[in-house]
Amino acid sequence: METMVKSDSFVSLTENEIIQLDGGGKVTLFLSMIGIAASPAVACVCPAGGAALFLSSGGAFLKNM
């Protein structure tokens with residue numbers, strides 16, 4: 001029997017559904033590597049955007065290692 005873990009006005013999630021949403025896996029790891037590699041090119045056009053891409057991709061990379 002699954003118990004409700006989180007309930008908002010529109011959403012009610014079970015523990016298994018929350019685990020699926022928090023996950024990432026191999027695809028997220030791969031896309032974070034692409035983001036880290038592309039961040040210097042983005043930084044040439046927009047330094048703030050390049051920094052944001054690097055930090056968000058780096059966070060995703062570390063979370064899924």
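S32 is buried, with a relative accessible area of 3%, where buried means under 20% relative accessible area, exposed over 50% and partly exposed in between (1.4 Å probe, protein chains only). This residue, S32, belongs to helix α2. The model is predicted, so local features need pLDDT of at least 70 and side-chain atom pairs count only at pLDDT 80 or more, while totals for chains, interfaces and linings use all residues. Residues are numbered from 1 along each chain as its sequence is written, and side-chain values use heavy atoms, with hydrogens and water left out.

**Overall architecture**

- The protein contains three helices and two strands; helices (H or I, at least four residues) and strands (E, at least two) are DSSP runs, numbered from the N terminus.
- Along the sequence, these elements follow the pattern β-β-α-α-α.
- Of the 65 residues in the protein, 14% are buried.
- The accessible surface of the protein is about 5,100 Å², and 69% of this area belongs to carbon and sulfur atoms; such areas come from the Shrake-Rupley method with a 1.4 Å probe, and for residues only the protein chains shown count as cover.
- Contact means heavy atoms within 4.5 Å; among contacts between residues at least 6 apart in sequence, 32% join residues at least 24 apart.

**Packing of helices α2 and α3**

- Two packed helices are described by the angle between their axes and the distance between the axes.
- Helix α2 covers residues 26-45 and helix α3 covers residues 47-63; the two pack at an angle of about 165 degrees, with their axes 7 Å apart.
- Axes are lines fitted to C-alpha atoms, for helices over the stretch in contact, and angles run from 0 to 180 degrees between N-to-C directions.
- Helices α2 and α3 are therefore roughly antiparallel to each other, given that angles under 35 degrees count as roughly parallel, over 145 as roughly antiparallel, 65 to 115 as roughly perpendicular and the rest as oblique.
- The crossing of α2 and α3 is left-handed, meaning that the near helix is turned anticlockwise from the far one by less than a right angle, whereas clockwise would be right-handed.
- On the α2 side, the residues in contact include T28, L29, S32, M33, G35 and I36, and on the α3 side they include P47, G49, G50, L53 and F54.
- The residues of this contact comprise twelve nonpolar, eight polar and no charged; Ala, Val, Leu, Ile, Met, Phe, Trp, Tyr, Cys and Pro count as nonpolar, Asp, Glu, Lys and Arg as charged, and the others, Gly among them, as polar.

**Residues within the packing**

- Not counting residues up to four places away in sequence, S32 touches S57, A60 and F61.
- L53 lies in helix α3 and counts as partly exposed, at 26% relative accessibility.
- Leaving aside neighbours within four places in sequence, L53 is in contact with G35, A38, S39 and V42.
- The C-alpha atoms of L53 and G35 are 6.3 Å apart, although the residues are 18 apart in sequence.

- K63 is located in helix α3 and is exposed, with a relative accessible area of 58%.
- From K63 to L29, the C-alpha separation is 8.6 Å, with the two residues 34 apart along the chain.
- M65 is placed in the segment after α3 and counts as exposed, at 66% relative accessibility.
- M65 and L29 are 36 residues apart along the chain, and their C-alpha atoms are separated by 7.3 Å.
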